[in-house]
There are 2 protein chains.
Amino acid sequence: MSQAFRLKQAIEDAVIAGEFLPGDRLDEASLAERFGVSRTPIREALLQLGSEGFIDVRPRRGAIVSVPTPTRLFEMFETMAEIESACGRLAARRLTPENDAAMSAAHRACAVAAQAGDSEQYYADNRIFHEAIYRASCNGFLADQALALHKRLSAYRRIQLRARNRLLQSLQEHAGVLEAIRAGDEQLAATRLHDHVLAQGERFSDMVLGLAERQRTAAAGRAAAKSRAAE
Amino acid sequence: MSQAFRLKQAIEDAVIAGEFLPGDRLDEASLAERFGVSRTPIREALLQLGSEGFIDVRPRRGAIVSVPTPTRLFEMFETMAEIESACGRLAARRLTPENDAAMSAAHRACAVAAQAGDSEQYYADNRIFHEAIYRASCNGFLADQALALHKRLSAYRRIQLRARNRLLQSLQEHAGVLEAIRAGDEQLAATRLHDHVLAQGERFSDMVLGLAERQRTAAAGRAAAKSRAAE
DNA sequence: TATTGTCTTATTGCATACAATTCATATATT
DNA sequence: AATATATGAATTGTATGCAATAAGACAATA
């Protein structure tokens, strides 16, 4: 299991890093060769990632990086918004100096990245900031759940942070969240985090829906039977 | 994977049904013999259940049904409370006649079981009632997450539903929740569900802490080195 | 030209075998 | 007597092989 655990992390990291994009096939033989092991530990790693929702393992049909429908994706962002706002509410209620320091430091790092317009760096620091909020809830289990979902959504978050002024807007929202938490205003912290996350989801949903529309239009030329078989 | 999926369900069901209690060992060979398969699909099922949090698969040390610490357990109930209240809020906002009917029917079934003092039946109907609320959120992903956590906590919920007057109290709380959702009062629905779930968690926590205290006292006689090695 | 059916090929699912590690028991030592 | 060590048994981790299924290619027919 030691090997399988390493592999699970490695594959998960590759997905989060964007090396495998949603829809990409993850066939056991290639991965086995790439990591220099047999198919067995690869299979075990893939099955675990499947249980965590990162990938889709369809019986006898192999594993692919999950491709949620636009609806599902919106549901995931909405759920993320609810969980994050719960974290924010608890953080406002229970804030400790250590957690305050961690969040503030992450926020400053985000500011530097945003001012530099470095979206890759902001992407990384953004995750640290959000994780600091999760931890500040003083509920380790909730924090784990939040982080797991955050990771699952990372592929979609990354894309929409590319727009430069989105970085600065995101940063301002972070500042508002931080202010509310430090003021101990549970309700405000919850609302601001909820909106911050859901705004991302909505923006992304629009984008995906646009993309889906274009794909649909393009696919309209192809056979109806083919498209029916795909689903 | 077909076989492994069956086995995963079967083992999960056995855990939820209480056949395997928290702490019980799940060794691959016995399970393989029991289900008439080789160890491979058993391992695959166990690893998946591990990812879902039902069991603990410690490298090279086998799998056991998870035994959360009292702190962790409280965190899990608190998280459940937050997720359920989110479901309740959304349900109040989006209630459809179909979902209303499903919740009401489940509530009536709970009432019958509670009046009869049948805690096993109540346990089953209670799950249907809560699942109906999850579905009523009109967010399939959130509902899936809620149900997964609900299942994980089932072993602990079952125990504390044994007390007869707890059944009637639980039923009354259900009535209040249902009333708030049907009235479209998001805030009230969220609060009532939060309290309903957290009350369970607190009651259970007290029980577990009492239990842990007794165990700790009993264990005090044993060697300190042994207890150090266990962790 | 489009569609359907068959065949080939590639990939997954499971079983078995072996290697590596942990756990338990027994023995030796202080 | 208690602790430490060593040995053996049991269990897990990985590799390999074979069987079963699905994807793709190709040909035949409408």
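Residues are numbered from 1 along each chain as its sequence is written, and chains are lettered from A, with ligands numbered from 1, in the order in which they are written. Because the model is predicted, local features need pLDDT of at least 70 and side-chain atom pairs count only at pLDDT 80 or more, whereas totals for chains, interfaces and linings use all residues, and side-chain values use heavy atoms, with hydrogens and water left out.

The contact between the chains, where contact means heavy atoms within 4.5 Å, takes 28 residues from chain A and 28 residues from chain B. About 3000 Å² is buried between chain A and chain B, and carbon and sulfur atoms give 52% of that area; buried area is the accessible area (1.4 Å probe) that two parts lose on being put together, summed over both. Across this interface 8 salt bridges are found, a salt bridge being a side-chain nitrogen of Lys or Arg within 4 Å of a carboxyl oxygen of Asp or Glu. One of the salt bridges in the model joins R89(B) to E82(A), with the closest N and O atoms 2.9 Å apart.

Helices are DSSP runs (H or I, at least four residues), numbered from the N terminus, and their axes are lines fitted to C-alpha atoms over the stretch in contact, with angles running from 0 to 180 degrees between N-to-C directions. The axes of helix α4 (residues 70-94) of chain A and helix α4 (residues 70-94) of chain B come within 10 Å and cross at roughly 125°. That angle makes α4(A) oblique to α4(B), since angles under 35 degrees count as roughly parallel, over 145 as roughly antiparallel, 65 to 115 as roughly perpendicular and the rest as oblique.

Among the residues making the contact are R43(A), E44(A) and L47(A) of α3(A), together with R43(B), E44(B) and L47(B) of α3(B). The residues of this contact divide into 2 nonpolar, 4 polar and 4 charged.

Within chain A, α4(A) packs against helix α6 (residues 119-136) at an angle of about 60°, with the axes 7 Å apart, and α4(A) is therefore oblique to α6(A). This crossing is left-handed.

Over all chains, 34 salt bridges are found. In one of them, the side chains of E186(A) and R93(A) meet at 3.0 Å, N to O, and the pair links helix α10 (residues 186-219) to helix α4 of chain A across 93 residues.

Conventions
Helix = DSSP H or I, 4+ residues; strand = E, 2+ residues; numbered from the N terminus. Nonpolar A, V, L, I, M, F, W, Y, C, P; charged D, E, K, R; others polar. Left-handed = near helix turned anticlockwise from the far one by under 90°.
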